[in-house]
Amino acid sequence: MNQEIKKREDIAPSYKWNIEKMYPDESKWESDLKEALAEAHAIAELQGHLTESPEQLLHGLNLYAAATRKAEYAFVYSRMKHDEDNGNSKYTGMNNKAMSVLAQLSSKTAFIIPEILSAPEGRIEEFVEANDELKLYRYMLETILRGKPHTLSAAEERIISSLSEALDAPDEAYSMLTDADMTFGTVTDAGGNEIPLTHGNFITLMESENPSVRKTAFETLYRRYREYNNTISTLYNYNVKKDVILSGLRNYSSALSAALSPENIPESVYYNLIHAVHQALPAMHRYVAARKKALKLDSLHMYDVYTPLVSLPEKHYTFEEAVDIACEALKPLGEDYVSALRTGILEERWVDIMENMGKTSGAYSFGVYDSDPYILMNFKGTLKDIFTLVHEGGHSMHSWYTRKTQPYIYGEHSIFTAEVASTVNETLLIHYLLQNTDSPEMRKYLINFYIDEFKSTLFRQTMFAEFEWKAHQMAEAGEPLTAELLDSTYEKLNQEYFGPDMDSDEFIQYEWSRIPHFFRSFYVFQYATGYSAANALANRILTEGAPAVADYRKFLTLGDSMDPIDLLKIAGVDMSTEEPVRSALDTFARLVDELIREI
């Protein structure tokens with residue numbers, strides 16, 4: 001495969017997603033947006049009258065669903081066309097127009113939830129019982145009503161809504177600072193080439209076999225963050241204060257409670273995660289010691305945690321070979337699952353495969369209720385690309401099953417469950433590769449790869465979760481979050497998580513300021529819980545077979561028609577307990593012990 005970056009028009013159609021299927025005639029895109037706005041105006045006319053009768057409420061909710069369905073469809077199309085080539089101004093303009101319509105739709109329908117919540121006690125429940133068609137919206141309405149104790153008067157809600165852009169200022173300013181204004185100079189790579197240091201190539205440099213390359217990149221990046229330490233700390237301080245103030249105004253006991261409330265996740269899930277990981281830190285410390293030994297280093301530093309312990313001969317896979325490997329690995333999920341995935345990828349062209357000039361980097365699974373579950377990636381033929389395909393394929397199959405089964409209003413997935421399907425697929429791929437290799441070096445590589453997935457997703461994201469929990473607790477106690485306090489809090493956590501064999505690096509205290517997720521509070525813990533749930537489910541599928549697969553497949557069909565904790569119970573794991581996290585951590589400990597025997 002030619003690795004030269006081509007223009008979009010030079011990529012073979014078989015390597016492009018079939019997004020034109022959404023709008024064979026783009027004039028329909030314009031009419032969808034016009035119809036969505038017209039329906040939004042019709043909804044706005046119901047303000048003050050929405051809850052007068054079951055029929056009126058049903059009419060309003062149906063209009064809302066129809067309008068958002070059209071507007072989202074148009075937006076997703078223009079967003080993905082924009083991602084094909086960010087330099088194509090036509091689709092930049094279309095995407096901006098679609099976002100404007102979504103904003104207008106949001107504004108014109110903002111009264112719906114406050115009006116439902118202001119209805120007399122019991123009226124909405126009576127409406128649902130009185131109208132069979134309204135029963136479709138039962139769970140949606142129950143979720144809205146659950147927020148009643150935390151909803152302010154209409155006037156107060158308007159005030160908070162009008163301040164939303166200003167309240168997002170710390171996040172916006174942080175993004176502009178770190179993504180647009182900050183530069184990191186140059187570093188010399190392993191080949192002796194002087195290259196610009198960027199967010200995009202930092203981890204690649206951290207994976208270098210050359211310790212001096214790793215050290216230089218690490219210190220160069222964090223030296224720059226140190227220069228902006230006071231500015232970023234101030235931005236984060238006010239972001240946390242915003243959380244604390246809003247949670248107080250809405251009568252929550254804490255900012256954490258406010259963040260978990262929309263998906264009805266008990267605070268105990270957060271505490272259980274941190275507690276279980278703390279209990280497993282001795283296994284992490286054993287791994288750090290093993291890494292130090294394997295790399296033959298007198299002292300191990302944080303810039304040594306990314307480089308692979310095993311160097312494999314470079315092997316190239318065609319995309320078709322990658323699909324074959326993915327489908328073999330996913331056979332435990334059933335022939336119809338594999339067949340649907342293979343057909344979607346190769347025949348229906350769900351995947352935009354090759355890199356081209358201007359194409360968005362990274363990978364995602366996207367789409368909307370009425371579209372195929374498209375995948376964007378930049379395939380280069382590496383083993384990591386196969387993992388990317390399997391991961392995003394998990395997201396897409398989750399969407400495929402859900403949208404075949406659920407109505408539009410329940411056709412998405414909560415953040416808490418979204419990463420489960422993708423990580424189940426990754427775990428099945430790792431097991432498949434381990435079972436089908438005769439190479440001791442490949443086996444060692446895969447074990448370390450698996451361990452590093454645990455390290456980066458379960459341990460590291462839990463450490464992040466603990467950091468932001470501590471930060472919010474300090475703010476709730478009236479303590480200003482100064483640069484010194486944030487830096488020292490993070491440094492102590494890093495020492496605790498990585499243990500005595502990790503040398504203390506001056507610059508690691510600034511790492512927290514590089515994590516954009518901290519400006520979306522109490523988000524990252526869901527990576528760790530999702531990873532734990534996925535490992536427990538994959539292990540159950542591999543050991544129990546058909547009954548476990550049936551439970552998991554039912555989970556894939558349910559979308560967000562239930563609370564996330566209840567959805568995962570149907571799949572076979574109870575995240576309200578520590579058991580799934582402990583099960584995943586037991587797997588980690590066994591992998592560490594096996595690695596120690598191998599090195």
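Guide: Phe319, Ala322, Val323, Ile325 and Ala326 in α16 meet Ile386, Leu389 and Val390 in α18. By class that contact comes to 8 nonpolar residues, no polar and no charged. Keep in mind that this is a predicted model.

Visitor: What makes α15 oblique to α20?

Guide: Here the axes of α15 (residues 281-294) and α20 (residues 440-476) cross at roughly 130°, coming within 12 Å. An angle has to be over 145 to count as roughly antiparallel, and roughly perpendicular stops at 115. That makes α15 oblique to α20. The crossing of α15 and α20 is left-handed.

Visitor: Which residues of α15 and α20 meet?

Guide: From α15 you get Leu281, Met284, Tyr287 and Arg291, and from α20 Asn448, Ile451, Asp452, Lys455 and Phe459. Sorted by class, the contact has 5 nonpolar, 1 polar and 3 charged residues.

Visitor: Why are α2 and α3 described as roughly antiparallel?

Guide: The axes of α2 and α3 (residues 89-108) cross at roughly 155°, and anything over 145 gets that label. So α2 and α3 are roughly antiparallel to each other. They come within 8 Å, and α2 passes α3 in a left-handed crossing. The α2 side of the contact includes Ala67, Ala71, Phe75 and Arg79, and the α3 side includes Tyr91, Met94, Ala98 and Leu105. Its class tally is 12 nonpolar, 5 polar and 3 charged residues.

Visitor: How do you know whether Asp83 is buried or exposed?

Guide: Asp83, which lies in α2 (residues 54-84), has a relative accessible area of 4%. Buried means under 20%, so Asp83 is buried. Leaving out residues up to four places away in sequence, Asp83 touches Gly358, Lys359, Thr360, Tyr364 and Leu376.

Visitor: And what about Lys444, buried or exposed?

Guide: Lys444 sits in α20 and has 16% relative accessibility. The cut-off for buried is under 20%, so Lys444 counts as buried. With residues up to four places away in sequence set aside, its contacts are Val310, Leu595, Glu598 and Ile599.

Visitor: What is said about phi of Lys296 and of Phe522?

Guide: Phi of Lys296 is near 55°, a positive value in a residue other than glycine. For Phe522, phi is likewise near 55°, again positive in a residue other than glycine. Lys296 is in the loop between α15 and α16, while Phe522 is in the loop between α21 and α22.

Visitor: How do you decide whether Lys296 and Phe522 are buried or exposed?

Guide: Lys296 has 73% relative accessibility, and with exposed set at over 50%, Lys296 counts as exposed. Phe522 has a relative accessible area of 4%, under the 20% limit, so Phe522 is buried.

Visitor: Why is Pro480 called partly exposed?

Guide: Its relative accessible area is 49%. Exposed would need over 50% and buried under 20%, so Pro480 is partly exposed. Pro480 lies in the loop between α20 and α21. Beyond its neighbours within four places in sequence, Pro480 is in contact with Asn237 and Leu485. Pro480 and Ile570 are 90 residues apart in sequence and 43 Å apart in space, C-alpha to C-alpha.

Visitor: How do you know that the span of α23 agrees with its number of residues?

Guide: α23 (residues 546-557) has 12 residues, which should span 16 Å at 1.5 Å a residue; its end C-alpha atoms are 17 Å apart, so the two agree. Just after α23, Gly559 takes a positive phi of about 55°.

Visitor: Which residues of α23 are buried, and what covers them?

Guide: The buried ones are Ala548, Val549, Tyr552, Arg553, Phe555, Leu556 and Thr557. Their cover includes α17, α18, α19, α22 and α24.

Notes. Residues numbered from 1 in each chain as written. Predicted model: local features only at pLDDT ≥ 70, side-chain atom pairs only at ≥ 80, totals over all residues. Heavy atoms only, no water. Axes fitted to C-alpha atoms, helices over the stretch in contact; angles between N-to-C directions. Helix = DSSP H or I, 4+ residues; strand = E, 2+ residues; numbered from the N terminus. Parallel < 35°, antiparallel > 145°, perpendicular 65-115°, else oblique. Left-handed = near helix turned anticlockwise from the far one by under 90°. Contact = heavy atoms within 4.5 Å. Nonpolar A, V, L, I, M, F, W, Y, C, P; charged D, E, K, R; others polar. Buried < 20%, exposed > 50% of the residue type's maximum accessible area, 1.4 Å probe, protein only. Expected span 1.5 Å × (residues − 1).
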